[in-house]
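Colleague: I'm new to this one and would like to learn how to read it. Could you walk me through a few features?

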Amino acid sequence: MATLNLSNATKSYGDVDVIKGIDLDIADGEFVVFVGPSGCGKSTLLRMIAGLEDITAGELKIDGERCNERAPKDRGIAMVFQSYALYPHKSVYENMAFGLRLAKRPKDEIDAKIREAAGILQMEHLLERRPSQLSGGQRQRVAIGRAIVRNPKVFLFDEPLSNLDAALRVSMRREIARLHGELDATMIYVTHDQVEAMTLADRIVVLDGGVVQQVGRPMELYNRPQNVFVAGFIGSPKMNFFQGEITGTQADSITVTTPATAAVAVPVTSNATPETGRAVTMGIRPEHLSVADDGTAPGFTGTIVLVERLGDESLLEIALSDGTEVIAKVAGGGSEAAGDTIRLTFDPAHLHLFDADGERIG
Amino acid sequence: MTGSTRRAPFRANQAGLSHYALIFAIIAISIVAAFPLVWMVLSSFKTPAESMQVPPVWIPKTPSLEAYSEVSGVINAGRSFTNSAIIATTTTLGILITSLMAGYAFAKYRFRGRNLVFALLISTMFLPPIVTLIPLYRMVNSMGLNASLVGVIVPNLANAFGIFLMRQFIAGVPDDLIDAARVDGASELRIVFSVVAPAVVPAIAALALFAFVFHWNTYLWPLTILQGNTDDYPIVLSLGRLLSYNRGAMNTGLVMAGATLAVLPPLVLFVFLQRFFVDSIVSTGVKG
């Protein structure tokens with residue numbers, strides 16, 4: 001277990017900066033998830049921490065000690081790869097023993113550590129098998145076991161569940177959460193799957209274009225995204241956005257008008273002092289839209305293009321008169337059908353407001 | 001459905017015809033290729049009279065091992081075989097080690113000029129060996145290694161084909177596997193021999209076979225560098241002495257017996273490793 005600090009960490013390939021000066025402090029025992037779209041730099045950042053990529057500029061400290069120049073084996077980390085990366089010619093036991101043998105640990109200690117890790121992961125019966133004789137889930141468990149026996153200060157997971165099918169992914173996700181609880185270790189986990197991020201993380205780091213967009217607890221990111229990118233990335237289906245402008249300002253709210261909606265008073269909590277006439281983006285999550293019973297609540301009217309019935313809920317894709325497409329998540333079992341005209345309403349307290357630069361103002 | 005069931009027998013017949021044509025072609029080519037080998041083995045059991053008979057005798061009437069016992073009387077077969085084994089084995093080991101290391105570097109390291117250096121290396125594969133014979137001789141001679149087995153072996157401890165073959169196979173080894181070994185604390189040498197090598201065993205076996213057979217059979221370079229030091233002659237050079245023995249009436253049976261003995265070790269090796277040999281050709285699209 002250890003703390004980990006990145007200060008102004010930068011990675012460049014020639015003239016191209018892929019990681020642009022990241023500052024991040026990870027506490028002892030914390031489970032931090034790096035999340036972002038493909039190419040955002042999350043795996044590169046993890047590999048920089050592991051020592052598999054050089055850090056072009058900035059500093060990495062693990063447990064307070066600078067690690068930029070240290071080889072991966074000397075950083076006190078263990079890594080679990082997406083492809084498992086098990087040595088195909090070695091048995092499960094030998095896979096787990098390889099690193100310890102290289103570290104010249106005594107035979108008894110190696111054996112004890114392997115059996116302990118195998119016990120934690122319930123795979124004692126697999127120790128003599130080759131990786132080719134294991135299922136995907138079992139292989140991933142061995143890869144985690146190989147990491148555990150190293151007794152690392154920091155566990156690094158690089159999209160460890162991406163190669164598994166949906167059901168196995170759910171069970172392995174729970175297993176990793178259980179493992180974190182048992183080992184109480186510092187863990188950094190990379191994924192593009194926001195469900196994994198939301199369910200596993202103590203804190204989520206949202207990355208885009210090599211820049212940290214927001215760091216926070218899962219519900220903090222969901223309830224108060226700092227910018228349009230985070231608002232659109234966290235949540236499934238993604239948040240609906242409306243382009244509009246400020247048509248009035250009050251002490252605790254801003255009146256926003258969009259082509260789709262009438263003037264709406266949006267509560268403002270930030271210190272921003274928006275001016276009338278400025279362009280803004282208004283966001284509302286699909287689950288915060290409801291099918292209207294009356295016309296008094298703020299909302300809009302559109303035509304249903306597609307209905308996706310998921311059982312307990314349905315997703316409605318709605319086209320508005322100005323061409324905007326909106327997704328609404330409503331209770332399942334309704335009689336909505338494509339082609340119907342529908343009015344949806346929302347509570348202004350659930351609205352998110354972003355300025356022209358995409359930064360949150362309310 | 002009906003259409004497909006009507007067409008199916010037609011396709012089956014076509015496949016059948018081409019299948020038989022292929023088998024016929026394989027048998028015909030195999031006979032042509034195997035003929036000299038079979039003729040060599042059969043001739044080694046003939047008496048001198050049968051060897052010279054016209055029309056030729058195909059199967060010896062009274063098979064004799066006389067020629068085999070005579071071989072040892074003419075050349076020091078044991079010494080020659082030992083020399084061949086030393087040359088072929090040492091060179092093969094050297095090629096395997098250098099090819100693995102260089103192939104790994106070309107496949108997995110990113111460095112400036114990598115592709116240019118690799119292209120230069122590959123281009124040496126297209127040089128006829130005769131072109132490099134004199135410069136190589138002068139180099140080895142200047143090192144004082146002429147007329148010795150070391151001189152035969154040293155210039156062949158690395159070769160472009162081996163590096164090319166290994167690079168192609170090692171490129172297919174997942175980077176994650178190598179990264180996992182680095183995280184585990186393995187040095188680059190350890191990664192090459194403990195992680196990468198076991199992942200490319202078929203290529204190693206194929207290269208071992210290529211190298212062993214080539215250097216067992218190599219003639220021109222040992223002849224040039226050994227400078228008549230017959231004690232260090234490999235079996236292939238010693239066979240020449242069988243040809244010149246009893247020049248008045250050449251004993252074909254004797255030469256064929258010597259050649260049969262000489263071909264046995266690479267043949268046995270090929271039988272054991274032929275699966276890897278075929279795999280490597282299929283995988284790289286390279287003709288050996």
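Predicted model: local features only at pLDDT ≥ 70, side-chain atom pairs only at ≥ 80, totals over all residues.

Colleague: What stands opposite A:His352 in S20(A)?

Modeller: That's A:Gly283. As a general idea, strands of a sheet pair through backbone hydrogen bonds, either parallel or antiparallel.

Colleague: In what order do the strands of the open sheet in chain A come?

Modeller: The 5 strands go S13-S12-S11-S14-S20, with antiparallel pairing. Strand S13 (264–267) and strand S20 (352–354) of chain A are at the edges with a single partner strand each, so one side of each has no neighbour in the sheet. On average, neighbouring strands here are turned by 45° against each other, ignoring direction.

Colleague: Now chain B. Is B:Ser84 buried or exposed?

Modeller: Buried means under 20% relative accessible area. B:Ser84 has 1%, so it counts as buried. B:Ser84 sits in helix H4 (residues 77–108) of chain B, and its side chain reaches the backbone nitrogen of B:Ile235 at 2.8 Å.

Colleague: Which residues form the nonpolar patch on the surface?

Modeller: B:Leu127, B:Ile130, B:Val131, B:Tyr219, B:Leu220 and B:Leu223, together with about 520 Å² of accessible area. Helix H6 (129–142) and helix H12 (220–226) of chain B supply at least two of the patch residues each.

Colleague: And where is B:Tyr219 found?

Modeller: In the loop between helix H11 (201–217) and H12 of chain B. B:Tyr219 is partly exposed, at a relative accessible area of 40%.

Note on methods: Residues numbered from 1 in each chain as written. Chains lettered and ligands numbered in written order. Heavy atoms only, no water. Patch = residues over 30% accessible without salt bridge, like charges linked within 9 Å, V, L, I, M, F, W, Y side chains within 5 Å. Areas by Shrake-Rupley, 256 points an atom, 1.4 Å probe, with all protein chains shown as cover. Salt bridge = Lys/Arg side-chain N within 4 Å of Asp/Glu carboxyl O. Helix = DSSP H or I, 4+ residues; strand = E, 2+ residues; numbered from the N terminus. Buried < 20%, exposed > 50% of the residue type's maximum accessible area, 1.4 Å probe, protein only. Pairing = 2+ DSSP bridges. Axes fitted to C-alpha atoms, helices over the stretch in contact; angles between N-to-C directions. Polar contact = N/O pair within 3.5 Å; in protein donor to acceptor, adjacent residues only side chain to side chain.
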